[in-house]
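Please walk through this model element by element. Keep the sequence and the coordinates side by side.

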Amino acid sequence: MGIREAREVLKLYFGYDKFRPGQEEIVTSVLEKRDTVVLMPTGGGKSICYQVPGLVMPGISVVVSPLIALMKDQVEALLSNGVQAAYLNSSQSSAEQQRVEQQCYDGKLKMLYVSPEKLLSAGFFSFLKSLKINLFAIDEAHCISAWGHDFRPEYLQLKNLKLQFPDVPVIALTATADRLTQRDILTQLYLQDPKVFISSFDRPNIYLQVKPGQKRMEAILDFLEERPFQPGIIYCLSRKATETMARKLQEKGYNADYYHAGLSARDREKVQEKFLQDNVMIMCATIAFGMGIDKSNVRWVIHYNLPKNLESYYQEIGRGGRDGAPAEALLFHSLGDVMTLRDFITQGGENSKEQALSLAKLDRMQQYAESTSCRRKTLMHYFGEEYQKDCGNCDICDNPPTSFNGTELAQKILSAVARTKETVASAQVVDILRGSRNQMTLNKGYDKLKTFGAGRDVPAQEWQRYIHQLINKGLLDIAYDEHGALKLNANSKEVLFDGKQVELVKFQPIDPKEEKEKRT
Ligand code: ADP
Ligand code: ZN
């Protein structure tokens, strides 16, 4: 029983000629009956890491997975590969459950998927004790960490697996890699001297791009026009937004549909199936869509809104380009979204410690969106990976920003903030700088300010970016609890009154079309 048999199983059941880098070492570790932890990005090929050794070893493997909706797909995929698999969860009738249990008793199954609830239900452990179990696989193992974005209290009870079955190896798998979560997986599952495998989280084939959130619908239509017949996902914040988006795209003749948790299970399954089979090309979805969906040819992922943290973002864009061919991730970023997400967090049910963590994560997300250096470097750094050179496959690498002495621009912004008594948000500051005579500026008498129209020569979008840069540099504060009013701080006063110099990065349009126009 060794790696040779494992290679045969890989070929026989899954049709693959060789293991991907990392998989072979993981399979070997499990075959040696060692507790094993696998941190591998989405699409990296985690399933093979427990399915292959489970098939090589005599007995049955028990796979704990929190995603009931996916269990059926996984089991069906295994069955169609000739693997005797079944699942047990609360969605089944008791007759169905009994049938599966009988199959287990009869030694007819090689792989049993169970939900954590089912696993912890009364009598289930004694049922398991009557079987010849060769492996426990714990999928989505990050659910054990209270620090993570997907904490499931039942996961804490999974330590009983090791306590009750000390001789059965446990393999824990996740695509979430941050250090706190790693530590929790190792300690909470009571793993014995585990071998930990951390794959690189880099997905070099995904082109990373961020655009300002203004006029995003137009930007999306431009984007789609240049990519006809490519399957892709547009993530929206709200259920309603997914429906509106799908309708707008349909009106333009696109083959789009929507998916969110408000749909019935049946409808969700139906539309998901259509997408998997390329009968729907564009899926407008909330983040409920995509957990473990195995569609390899998703060519692009658009985030209409800023996600709440980089973990979620990376997981979501990871659904693109699983086949290794070039794919694109386009993120729209607006301060409005940041404020909405802040409100979610501060008005949500989290305690103050959790809130602070969520807010800090949101800050990191925003920093990524406003990064003026290689995006992949920023991302990999966040996930704790060293990434020395620039990636050459992101918008920043394509359009490296050049910095210039932006002291005068900064002073104009700061003085507009001062003259409006620190009561207005960035969009209004831009209106004042640009001298826009609208209801707001006229009603408030801002047109009489000295700074009114002092920055007519700079486009509004560009002003917005400079304001973000000042915020990022700590030269300006933003009061999220006052509708995003900009506030001066000690640093801003140095710029305003002591001639402190400010380096800004030149705003460059990142739309290739605009670029072309500029060049010709
Ligand atoms: P994860 O669970 O890590 O997101 P999956 O287990 O769903 O990833 O695998 C992602 C894709 O990679 C699947 O389509 C799978 O069939 C494929 N895959 C996994 N291992 C191999 C391999 N050794 N050779 C070729 N394809 C593989
Ligand atoms: Zn880059």
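Residues are numbered from 1 along each chain as its sequence is written, while chains are lettered from A and ligands numbered from 1 in the order in which they are written.

Start with confidence. pLDDT is the predictor's confidence in each residue, from 0 to 100. The protein chain averages 90, and 95% of the residues score at least 70. Over residues 510-520, pLDDT stays under 50. The model has seven contacts beyond four places in sequence for residues 510-520; a contact means that two C-beta atoms, placed from the backbone, lie within 7 Å. Where pLDDT is low, the predicted coordinates should not be read in detail. For the complex, the predictor gives an ipTM of 0.97 and a pTM of 0.61.

Now the sheets. Helices (H or I, at least four residues) and strands (E, at least two) are DSSP runs, numbered from the N terminus. Two strands pair if DSSP finds at least two bridges between them. One open sheet has seven strands with parallel pairing, in the order E3-E4-E2-E5-E6-E1-E7. Strand E3 (85-88) and strand E7 (195-198) each have a single partner strand, so one side of each lacks a neighbour in the sheet. From one strand to the next, the twist averages 15°. Within this sheet, strand E2 (residues 60-64) pairs with strand E5 (residues 133-138) in the parallel sense over five bridges. Ile60 has Ile133 in E5 as its bridge partner.

Helix H2 (residues 23-31) packs on the sheet. H2 touches strand E1 (36-39), E5, strand E6 (170-174) and E7, and its direction makes about 160° with that of E1. Axes are lines fitted to C-alpha atoms, for helices over the stretch in contact, and angles run from 0 to 180 degrees between N-to-C directions. Helix H4 (residues 68-80) lies across E3 and strand E4 (111-114), at about 165° to E3.

Another open sheet has six strands, E8-E13-E12-E9-E11-E10, again with parallel pairing. The twist averages 15° from one strand to the next. Strand E9 (residues 232-235) pairs with strand E12 (residues 300-303) over four bridges. There, Ile233 stands opposite Val301.

Next, a helix pair. The axes of helix H1 (residues 3-14) and H3 come within 9 Å and cross at roughly 105°. H1 and H3 are therefore roughly perpendicular (65 to 115 degrees). Glu5, Ala6, Val9, Leu10, Tyr13 and Phe14 in H1 meet Ile48, Val52, Pro53, Leu55 and Val56 in H3. These residues divide into ten nonpolar, no polar and one charged. Here Ala, Val, Leu, Ile, Met, Phe, Trp, Tyr, Cys and Pro count as nonpolar, Asp, Glu, Lys and Arg as charged, and the others, Gly among them, as polar.

What surrounds ligand 1? The shell has 15 residues, with Tyr16, Gly44, Gly45, Lys46 and Ser47 the closest; a residue is near if its C-beta atom, placed from the backbone, lies within 6 Å. Helix H3 (residues 46-56) gives the largest share, three residues. By class, the shell has four nonpolar, seven polar and four charged residues.

Definitions and conventions
Predicted model: local features only at pLDDT ≥ 70, side-chain atom pairs only at ≥ 80, totals over all residues. Parallel < 35°, antiparallel > 145°, perpendicular 65-115°, else oblique.
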